[in-house]
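Subject: Structure handover

Hello,

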Amino acid sequence: GLNFIDLMVRQGNIDNPPKTPLVPGFECSGIVEALGDSVKGFEIGDRVMAFVNYNAWAEVVCTPVEFIYKIPDDMSFSEAAAFPMNFVTAYMMLFEVANLREGMSVLVHSAGGGVGQAVAQLCSTVPNVTVFGTASSFKHEAIKDSVTHLFDRNADYVQEVKRISADGVDIVLDCLCGENTGKGLSLLKPLGTYILYGSSNMVTGETKSFFSFAKSWWQVEKVNPIKLYEENKVIAGFSLLNLLFKQNRGGLIKSVIDKLLDLYNSKKIKPVVDSLWALEEV
């Protein structure tokens, strides 16, 4: 799978970028070729998808068994490679962190991206959830059916949301960071949850620019804890890679994958594969 985080790695825009030479990639699908001595539950020849802490873009990949999941019979390898990262991120933010329930409203930035599309699909599995999305205008035609209200990412979406829902939204999912933080918090209803899960505004141009990175962070409004208390608002952060590889929550992630595969098998969600590339073209 090719995700936004891979572009950030490529541009050097992450904490502690790995030393080169490097094989990038955090998720993949394929066929089991060999097993460790104590591995149970899998056999050579099984069709699987997996999380990998780098090294996914390779012909042969080695990863601990806790990060491997069997693929349903009718899921293609390309769908499976596009599935774990986006859908687990979206599911955990909506249901584990923000406690999405019937009748709630969600604002998602980058609605045309992998996580944005997964969020829209998962919201459609809960009755009467309203999804507000922002995206670049050239993506609107492709995604207009998946969100309730779609806005141009450069428009004044705060006013647009308030025009439709005067008291704001229950959940804001923000992968942009920077100047959007204050706007997102201002849109939250009481007991609403604002989740920061990425930082796509920090990637500019071909190469790493420390100054654009620093400037973006300076635009983040300082969050005042007393104000959160007075306004009954929740602010949260979410990093799937840290949960997996630094905080040892593989068991929790596996239970989420099981729920997602149930939704896939009942045809309620389906990964969106934008395009396929030969490895030498990556």
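Helix 6 (residues 157–164) lies across strand 4, strand 5 (130–135), strand 6 and strand 7, at about 155° to strand 6. Contact means heavy atoms within 4.5 Å; helices (H or I, at least four residues) and strands (E, at least two) are DSSP runs, numbered from the N terminus. Axes are lines fitted to C-alpha atoms, for helices over the stretch in contact, and angles run from 0 to 180 degrees between N-to-C directions.

This is a predicted model: local features need pLDDT of at least 70, side-chain atom pairs count only at pLDDT 80 or more, and totals for chains, interfaces and linings use all residues. Residues are numbered from 1 along each chain as its sequence is written, and side-chain values use heavy atoms, with hydrogens and water left out.

Helix 7 (residues 180–187) lies across strand 4, strand 7, strand 8 (188–196) and strand 9, at about 150° to strand 8. The axes of helix 6 and helix 7 come within 10 Å and cross at roughly 10°, so the two helices are roughly parallel to each other (angles under 35 degrees count as such). On the helix 6 side Y157, V158, V161 and K162 take part, meeting N180, K183, S186 and L187 of helix 7.

The sheet is open, with six parallel-paired strands in the order 6-5-4-7-8-9; pairing requires at least two DSSP bridges between two strands. Strand 4 (residues 105–108) and strand 7 (residues 169–174) are joined by three bridges, and V108 stands opposite L173 in strand 7.

Regards

Key. Parallel < 35°, antiparallel > 145°, perpendicular 65-115°, else oblique.
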